[in-house]
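Student: Please pick one part of this model and take me through it closely. Set it in its context as you go.

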Amino acid sequence: MASDGNDPDEALLAGVGRGDPSAVRTLLDRRLPRILALARRMLNDSGEAEDVAQETFLRAWKQARGWKPGAAKFDTWLHRVALNLCYDRLRRRREIATDTPPEQIDTGPAPDAGLIGADLSKRVEAALAALPSRQREAIVLCHHQGLGNIEAAGLMGISVEALESLLSRGRRALKASLADLQGAGG
């Protein structure tokens with residue numbers, strides 16, 4: 001993935017490489033919310049998403065000093081690292097068989113704060129989590145992370161046509177999963 005030379009993060013990354021705390025803070029403010037959102041949507045678990053975000057930025061800080069401008073956009077590289085970490089965790093989940101599911105902590109809004117919105121959000125997140133991983137990745141990158149098809153396809157290592165196919169199948173599956181919401185104003 002070659003950069004077009006217009007990477008808005010290059011100067012900040014150089015600052016991070018020099019140990020400039022304000023560059024670290026600015027880069028975190030700029031990129032952490034998107035990486036956290038990506039990990040939450042891929043893993044459907046806030047705690048694991050925070051761990052993935054932390055590991056992603058640790059790797060970024062280690063890479064900052066040796067970053068080669070123009071080789072790739074930092075944001076694209078950061079998304080790839082986060083996605084790889086998410087897939088590592090998803091693979092580990094499949095490998096651990098338990099008789100009882102782990103206790104889940106409800107991190108959603110308080111019961112008196114938007115019950116309907118919380119329920120809707122949970123339904124959408126559950127439908128997203130039920131998608132095959134490549135369809136979920138395509139939907140998250142394009143619809144939630146706001147990446148263009150070319151950039152998302154590059155991140156996933158597939159053609160734009162293959163990405164569009166994944167998006168199409170993912171959208172159809174989500175529509176089918178959430179079909180009952182259409183009649184309820186959703």
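Tutor: A contact means heavy atoms within 4.5 Å. The model is predicted, with local features needing pLDDT of at least 70 and side-chain atom pairs counting only at pLDDT 80 or more, while totals for chains, interfaces and linings use all residues. Residues are numbered from 1 along each chain as its sequence is written, and side-chain values use heavy atoms, without hydrogens or water.

Among contacts between residues at least 6 apart in sequence, 65% join residues at least 24 apart. The protein chain has 9 helices and 0 strands; these are DSSP runs, numbered from the N terminus (helices: H or I, at least four residues; strands: E, at least two). Of its 186 residues, 37% count as buried, meaning under 20% relative accessible area with a 1.4 Å probe, protein chains only.

Now the part itself: H2. H2 bends by about 40° at Arg31, and Pro33 follows within four residues. That bend is the angle between axes fitted to the seven residues ending there and the seven starting there. Arg31 is buried, as are Leu27, Leu38 and Met42, among others in H2. Their cover includes H1, H3, H4 and H6. After H2 comes Asn44, with a positive phi near 55°.

Phe74 touches Leu27 of H2, and its other contacts include Leu13, Ala60 and Trp67.

Terms used
Buried < 20%, exposed > 50% of the residue type's maximum accessible area, 1.4 Å probe, protein only. Lists of a residue's contacts leave out its neighbours within four places in sequence.
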